[in-house]
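Visitor: I'd like to learn how to read a model like this one. Could you walk me through it?

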Amino acid sequence: MLKLLKYTLLTSFLLFASVSQAQVKVLASINKRVISLNENVNFQVTVEGSQKTLMPKFEKLTGFSILQGPSISRQMSFVNGHQSKSVTYSYILKPNAVGSQTIGPVTVKVGSQKYRTKPIQVEIVKGNKNNSKNDPAGTADLSTDQNIFLNLQVDKSEVYANGQISLALTLYYKDVDITDVTQPDFKLKGFFVYDDGGRPVQQRVMIDNMIYQSVRFQKLLIPLSAGKHKIGPFSIDVTIRVPIRGKRRRDPFDDNFFGGSIFGDFFGNYKTKIVSVKSNPVTVNIRKLPLTGKPDGFSGAVGNFSLNVDVSPKTVQVGEPVTLTVKLSGKGNIDNASIDMPKDTRGFRIYEPETTRDSRVSEGQLVGKRTYKQAMVPTSTNAVLIPAINFSYFNPETKKYVSLKRGPFKLKVKPMPEDSKLRITELTSIRNNQGSIRILNQDIFPITTSVDSLGSSKRAINNPAFYTLVIAPAAAWIILAAFARRRNRMLNDTALYRRTNASKKVKARLKKARSALKNDNNKLFYLELSDALTHFIADQIHIPAAQVTAITLSKILTGYGIPQETVEELKNTLEYCDFGRFAPGEFSKVEAEKRLSASERLITELEKVIS
Amino acid sequence: MLRRYYKPFIIIFAVIALMEFIVPQQCFATDDAYTTFVQANQVYKGTNYSKAISLYNKALSLGFAPGGLYYNLGNAYYRNGDLGKAIASYLRARQLLPRNSDVLENLNTARSQTIDKIVPNEPPAALRQFLFLYYKFSLDELLWMTAVLLAAVFLLLSIYTFFRISPIRSFIKITVIVFVIIGTTAAVKFYNILSHSTAVITSKEAVVRAGPGDSYAEIFVIHNGTEIKILEKKDNSAKIKVDKKKGWINVNDIDII
């Protein structure tokens, strides 16, 4: 992604600056080629290379009147020690009549010389060119191909397979505020795509007397197979800042409805828009490499290469290494180029070559270097010849195969001196004895003093942590298992569940009854007390609570060994509650209090007897 | 859902915490014993080996008994010319540090200098590799492994009680198998060490007789440093087996590991 906005100004300065001082250039430009009668055209005269100029003079200006100008802007900059100057005269011209009109030519006196610009044709049409009333955001301008477009170019339309094609994708724009540009996706089938290195090139260019900003993306393509290949079209997403034209809306509802206006206020009434720009496609013809004259051992290298072979030292003793260095460099796809190094040469022991490879794009061309370094050790004085190194490539410029040959190389191999021979035999005799170590002296290893290698003094069977580790998880499991079993029984055995929870429930009910009594809520008191007793009995012997009444009580409770007077008292209490509930009479708080505490006593008694 | 289960977990944690509290924290060897050990090392380096031996033994009696101490003691005996005691010490060191190469090397060096040249009755290397758990790990290491595995089994069982997920079941199975293997190894090793069935001749020359007591006939003589197997003990005599020969020996002539 690019922060184009930042660079736009800078590059425009630099590009003007790059024009050498001695060369004076005068250019005229406009910002629109077709305008309507109620629009204006921006006309600029730029003098590059000097600032000693007089005001430009229109030789001819029919159909226009000067609305404003000229406004003069002078620019001066130093780049790499070179000073560059320029002056720009800007006019705003208003068309007076419909039709094709000509601006200029304009003459400018620079120093003592007079310069004349080319006349520029402008088409003036009737009415509104853009129906701006229907387009308050002013976006219609942007979608037109004139202000922003993408151009795809290749340097050659015909190339040999494995050759090189330089590809340039250029985005041109003017009168557009670009904040962001996506990198195009250069995936191509049938091509190796090399990065051209560096960032996209930004320039100011003049097309059709109009000045455009341009951003150029460059790639280097290596076609892999022959045939007609279509490259592109590519597309780039461009983020554009668009000023919101027209009346500013004050209505807050309107603001929210259309959205973005809040931000528009912050950013000076702009909104961003993403425009997808598509380039033209390009067709290239990839030719097969000619079959005639194809040398043996051609590895597919296309380009222009040079081969350098070096042998050093040229004079050696038997057993000493000789280094064979092969350097291949040049323009072209060096990744495809390979050299057959000597492998099986008589009289030499040969080691695997060390290779380095380096390829990069320089000035639109793929250049590279490949180095092989091979150690060769002569094993006898007969080894005097290192075979020649061959390399062949296809030169697309001359359309011919080229074969390069370096060598063979002659060596001067001296015999080995006597004492080094001895050394070798000694070494071999020692080697042969391998496998049995001659023991010189037998002794023990020294004592240990470091705490780390002492080991623990504490035994596991004396360590409480050990027993904890054995017992605790087992105990934990037993507790958990017991708990789980009980829970399961509760879930499956309703009677047990009811019995276990009966006392908890009855306590809650009695508490409610007590609070009802306190609040003088007689009805609730009777109800809670009666419920407490009946539910408790029902839970304990596992029957529906509705079955427990004053009448059925004695029948139900037979066989549980409950004393007669307890049953009687229970029955009385239940009857008392029923009377209270259904035949309201005089309410005695003292009596109620008595009944309540009696019930508590009865419940404890029942609990003891039943369970 | 978990809230229903929090109760038993609290109980368990309480129990564990309580156990840590109740079980008396046995102290590590006193500083005194360690100082004695360090002192012994210095004396050893000053080549006063008999003093070093007595200091090492003092540290042992004070409760400081790491494998390294037995190794140093063995070195001291070796330097002092007491081959049998040296081998006995190295064997004790090996029980505690079975993978320490210095211990094994010194034991071999000492063994190679014995007079009888009887190869100790040890299984071949391949079998030792196969039973690596037995031969490459000390009793303590095996016991700790067993305990950890047992804990893992119960932990997994506890989890399984509440979350009946089938992967836990297979985990439990695997853990139980490993536990049984290591536990058995630990048990065998424990038994072998407790049975004290190995001994080393510590006197210069020991007479092996046909029965317990000096009145029995002499069968053969073995020398300092020879490792023997003890079959039974009676009073002051022990029935031994060495190199397929059996007989009775005076316990004063041997050091039982």
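Guide: We'll go through confidence, the interface, a helix pair, and then some strands.

Guide: Residues are numbered from 1 along each chain as its sequence is written, with chains lettered from A and ligands numbered from 1 in the order in which they are written. This is a predicted model, so to speak of local features we need pLDDT of at least 70, and side-chain atom pairs count only at pLDDT 80 or more, while totals for chains, interfaces and linings use all residues.

Visitor: What pLDDT does chain B average, and where in chain B is confidence lowest?

Guide: pLDDT is the predictor's confidence in each residue, from 0 to 100. Chain B averages 87, with 89% of its residues scoring at least 70. Among its elements, confidence is lowest in H1(B), at a mean of 65, and highest in helix H5 (residues 83-96) of chain B, at 94. Helices here are DSSP runs of H or I with at least four residues, strands are runs of E with at least two, and both are numbered from the N terminus. Over residues 24-29 of chain B, pLDDT stays under 50. Where pLDDT is low, the predicted coordinates should not be read in detail. For the complex, the predictor gives an ipTM of 0.82 and a pTM of 0.43.

Visitor: How many residues of chain B are in contact with chain A?

Guide: A contact means that the C-beta atoms of two residues, placed from the backbone, lie within 7 Å. By that count, 43 residues of chain B are in contact with 32 residues of chain A. On the chain B side, helices H1 (6-22), H2 (31-45), H4 (67-79), H6 (101-112) and H9 (139-162) each supply at least two residues. H9(B) gives the largest share, 13 residues. By type, that side of chain B divides into 28 nonpolar, eleven polar and four charged residues. Here Ala, Val, Leu, Ile, Met, Phe, Trp, Tyr, Cys and Pro count as nonpolar, Asp, Glu, Lys and Arg as charged, and the others, Gly among them, as polar.

Visitor: At what angle do the axes of H4(B) and H5(B) cross?

Guide: Helix axes are lines fitted to C-alpha atoms over the stretch in contact, and angles run from 0 to 180 degrees between N-to-C directions. The axes of H4(B) and H5(B) cross at roughly 165° and come within 8 Å. Angles under 35 degrees count as roughly parallel, over 145 as roughly antiparallel, 65 to 115 as roughly perpendicular and the rest as oblique. H4(B) and H5(B) are therefore roughly antiparallel to each other. Residues making the contact include Tyr70(B), Gly74(B) and Tyr77(B) of H4(B), and Ala86(B), Tyr90(B) and Ala93(B) of H5(B). The contact residues divide into ten nonpolar, three polar and two charged.

Visitor: In which sense do S5(B) and S6(B) pair, and over how many bridges?

Guide: Two strands pair if DSSP finds at least two bridges between them. Strand S5 (residues 237-242) and strand S6 (residues 245-250) of chain B pair in the antiparallel sense over six bridges. Lys239(B) stands opposite Trp248(B) in S6(B). The two strands form a hairpin with two residues between them, and Asp243(B) in the turn has a positive phi of about 50°.

Visitor: In what order do the strands S2, S10 and S7 of chain A form a sheet?

Guide: The order is S2-S10-S7 in an open sheet of three strands with mixed pairing. Its edge strands, S2 (34-36) and S7 (99-103) of chain A, each pair on one side only. S7(A) runs antiparallel to strand S10 (residues 120-125) of chain A, with five bridges joining them. Ile103(A) stands opposite Ile120(A) in S10(A).
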